[in-house]
Amino acid sequence: MGPDSEADPAVPWRKVLWEPQPFPDNYVDQRFLEELRRNEGLHQYHYWTVVKESGIVGQQLSCVAIFITLWLYMEQGLLPPQTLLWTSLLTALLGYGLHQLLTMKEESDCKPRTYLADLQSATIFLSFTFGFSPVLKTLTESVSTDTVYAMSAMMLLAHLMSFPYTQPSTPGSLSLNAALFASVCLASRLPGALHTFAMLSCALLVFALWPCLLQKMRERTPHHFTAVCLGVCLGGVAGLGSQSPFGAVLLTMALASVTLICPLLLVRLQRQKDNISGPWDEAEIHEDIRRFAH
C-alpha cells in the first residue's frame, strides 16, 4: 500500500475517480484499514437452538424408517392390509382435525378450503389408487427384486436429500415424487392388490400429509413440535429395531450425528469464522430504487 511515486503532500488525497489528482491510480493513504470490518452481520448460533431445528431432519429419517418397517411387516404377512388401512384412516382423520384446529388460529386473507373440497380430493385419490392397484402390483414383474430394492433405496435417499426442511408444509415435487416412486416399487413386491393399495395410502399419509401438519405445529406450537419430533425418532428406532437390531443401531447413529454432532460442529466452526469487509468491496445499494421506475 502506498504511492508508486512521490506525491505532493500539500494536496490531500481523496477517494474519488472523477477528478484528476497528483497520485497514482493505486495510491491509498494510512486510513485505508480504518474501515476494515470483521464478521459484519454474523449470526451467532446457540447449540440447543440448532439441535431443536435439526429435529426436522431426524424425524424425516425416522419417517422413512417407519415406512420401511411397515412394509417389512406386510411383506412378511405380519400386518394385514385391512389393519393398516383402518389405522391410516384413523390417523388421517385425527391429523386433519388437528390441522384444521391449528389453521383456524391463523389470520389469513385468503379463502380457506372447504371440508367438501378436501373430501372430494381424498375420494378421487383413493378411488384412482384403488382402481390402479392391480396394475401397480404387476408393474415391476419383469424387473428383478434386487433392482427394485436398489431403485427404492436410491429414491428414498433422493427424497431425504431434496426434502424442503426449511418449509416442509408443501414438499417439493422432486422429494415427493421420489418417495412415491419408491413406494410404488416396494408395494409391487407385496402379495396382493389390497396390500399395494394400503401401502400407497400409507405412503401418501407419511410423505405428503404429515409434513403439512408438522409445519403447522412448527409455526403454532414449537414446544409440541420438538416433542413430536422426539417421539417420531423414538418410534422409528423402536420399529426398525423390531425387524433389524443392526438397522436400529445404524438409525440411532445417524440421528445422533444429525441432531447432536452436526450442530456441535456448526457452533464450533462458527467461532472461527473470519469474514472481512471494507472499502475494497463492491458498492451495495441500500435505497429502494423501485420508486425511480415510475
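A: Start with handedness. A crossing is right-handed if the near helix is turned clockwise from the far one by less than a right angle, and left-handed if anticlockwise. Helices themselves are DSSP runs (H or I, at least four residues), numbered from the N terminus, as are strands (E, at least two).

The model is predicted, so local features need pLDDT of at least 70 and side-chain atom pairs count only at pLDDT 80 or more, while totals for chains, interfaces and linings use all residues. Residues are numbered from 1 along each chain as its sequence is written, and side-chain values use heavy atoms, with hydrogens and water left out.

The part is helix α7, residues 193-220. Two packed helices are described by the angle between their axes and the distance between the axes. Axes are lines fitted to C-alpha atoms, for helices over the stretch in contact; angles run from 0 to 180 degrees between N-to-C directions.

Take α6 (residues 173-187). Its axis lies 9 Å from that of α7, at an angle of about 160°. α6 is therefore roughly antiparallel to α7. The cut-offs are under 35 degrees for roughly parallel, over 145 for roughly antiparallel, 65 to 115 for roughly perpendicular, and oblique for the rest. The crossing of α6 and α7 is right-handed. Contact means heavy atoms within 4.5 Å. On α6, L176, A179, L180, S183, V184 and A187 take part; α7 supplies T196, M199, L200, A203, F207 and A208. This contact has ten nonpolar, two polar and no charged residues. Here Ala, Val, Leu, Ile, Met, Phe, Trp, Tyr, Cys and Pro count as nonpolar, Asp, Glu, Lys and Arg as charged, and the others, Gly among them, as polar.

Next comes α4 (residues 115-137). The axes of α4 and α7 come within 8 Å and cross at roughly 130°. The two helices are therefore oblique to each other. Their crossing is right-handed. From α4 come F125, L126, T129, F130, S133, P134, L136 and K137, and from α7 A193, T196, F197, L200, S201 and L204. The classes are nine nonpolar, four polar and one charged. T196 and L200 of α7 also touch α6.

W210, L214, M217, R218 and R220 of α7 meet P222, H224, F225, V228 and V232 of α8. Seven of these residues are nonpolar, one is polar and two are charged.
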